[in-house]
Structure formats: C-alpha cells, structure tokens
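Look at the structure first, then read on.

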Amino acid sequence: FAREYLPKIGYKRRIEVMTPIIPGLEGEKMSASREESKIDLLDSEETVKQKLSKAYCPEGTIEGNGVLSFIKHIIMVIKEDNNKEFLIEMSEKFGGNISYNNYEELETDYLSKKINPLDLKNGVADEINKLLEPIRRKMKGKEELIRKAFPI
C-alpha cells in the first residue's frame, strides 16, 4: 500500500526488505514476549549458549527447527557472502570436525543424523557469539542507558 501510494502524495517510494519468518528457539513462531524464543543483540555469550542449549532441535527433524532456520537464513548467507565455511566441532570419536560451504549439505547430513543436535547447537552458539561480539564491545558501559531505554 505504502509503496504504491506514497509517491502519489509526494513522498519517495520506501525500501522494504522481506524475509522469511524464522521459527523461534522453542519450535514455534519467535516472540519478543518470550525471552527463551529469541537471541537478543545484547545477550551475553553465556546467555546465547544457554538459550541454544534449550532450543527445540530434534535429531533429524527440520520442520519447526529454529536452529536450522537460523543457519539457513543468517549464518550460511553470511558465510557464503564471505567465502567461508560453517564449522561444527565434533569429537574425534564421532568423526571429528565437519564444515559446510552450503546449507543444503548441512541439512542432508542433519536429516541422516550425521550431525548431533548438541554439536549443531554449539556451532550455532559460537557463530552467533562471533556476530554479536562487536555489538557487545560497542555497547559496553551503556547498560544502564539501554535498560532505561528498553525496560522489560
């Protein structure tokens, strides 16, 4: 509506970015009111790990799996744009570390249960923490301001 009518009333056409809806970490739609369903930009490293450790991520299941959805729509896009691989660290007992250049290969391995949900969650937690680290550094010392601006 806005894209069609703003120019007719003298405004510039606005840019709109459409993204798929990513399931929350609880296996349902992500919700701002449910803290455990999402990762906040200012979550601590430990909080990210805790949230992911509790995330809905049944072995060999893709439907409603917010962990896989996050990998597909965020992590792998960033990795592919930068010609980097997504690394999942696994015990030598289970074949050792494995890395992926694209989401499709990872999904195939997850469906065939080549990847354990815990290893996948740990890999995602590591990647999210790498992405959030510059934000945490920039916001350090501004916690009180943030708390006042965005009360719970």
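At roughly what angle do the axes of helix α2 and helix α5 cross? The model is predicted. In it, the axes of α2 (residues 45-53) and α5 (residues 117-139) cross at roughly 150° and come within 9 Å. Angles over 145 degrees count as roughly antiparallel, so α2 is roughly antiparallel to α5. Their crossing is right-handed.

Which residues make this contact? From α2 come Glu45, Val48, Lys49, Leu52 and Ser53. From α5 come Lys121, Val124, Ala125, Ile128, Asn129, Leu132 and Arg136. By class, the α2 contact with α5 has six nonpolar, two polar and four charged residues.

Helix α3 (residues 66-81) also packs against α5: the two axes come within 11 Å and cross at roughly 45°. α3 and α5 are therefore oblique to each other. This crossing of α3 and α5 is left-handed.

On the α3 side, the contact residues are Val67, Leu68, Phe70, Ile71, Ile75, Ile78 and Lys79. They meet Leu120, Lys121, Val124, Glu127, Ile128 and Leu131 of α5. By class, the contact of α3 with α5 has ten nonpolar, no polar and three charged residues.

The axis values for each pair:

| Helix pair | Axes come within | Crossing angle |
|---|---|---|
| α2 and α5 | 9 Å | roughly 150° |
| α3 and α5 | 11 Å | roughly 45° |

Definitions and conventions: Residues numbered from 1 in each chain as written. Predicted model: local features only at pLDDT ≥ 70, side-chain atom pairs only at ≥ 80, totals over all residues. Heavy atoms only, no water. Axes fitted to C-alpha atoms, helices over the stretch in contact; angles between N-to-C directions. Helix = DSSP H or I, 4+ residues; strand = E, 2+ residues; numbered from the N terminus. Parallel < 35°, antiparallel > 145°, perpendicular 65-115°, else oblique. Left-handed = near helix turned anticlockwise from the far one by under 90°. Contact = heavy atoms within 4.5 Å. Nonpolar A, V, L, I, M, F, W, Y, C, P; charged D, E, K, R; others polar.
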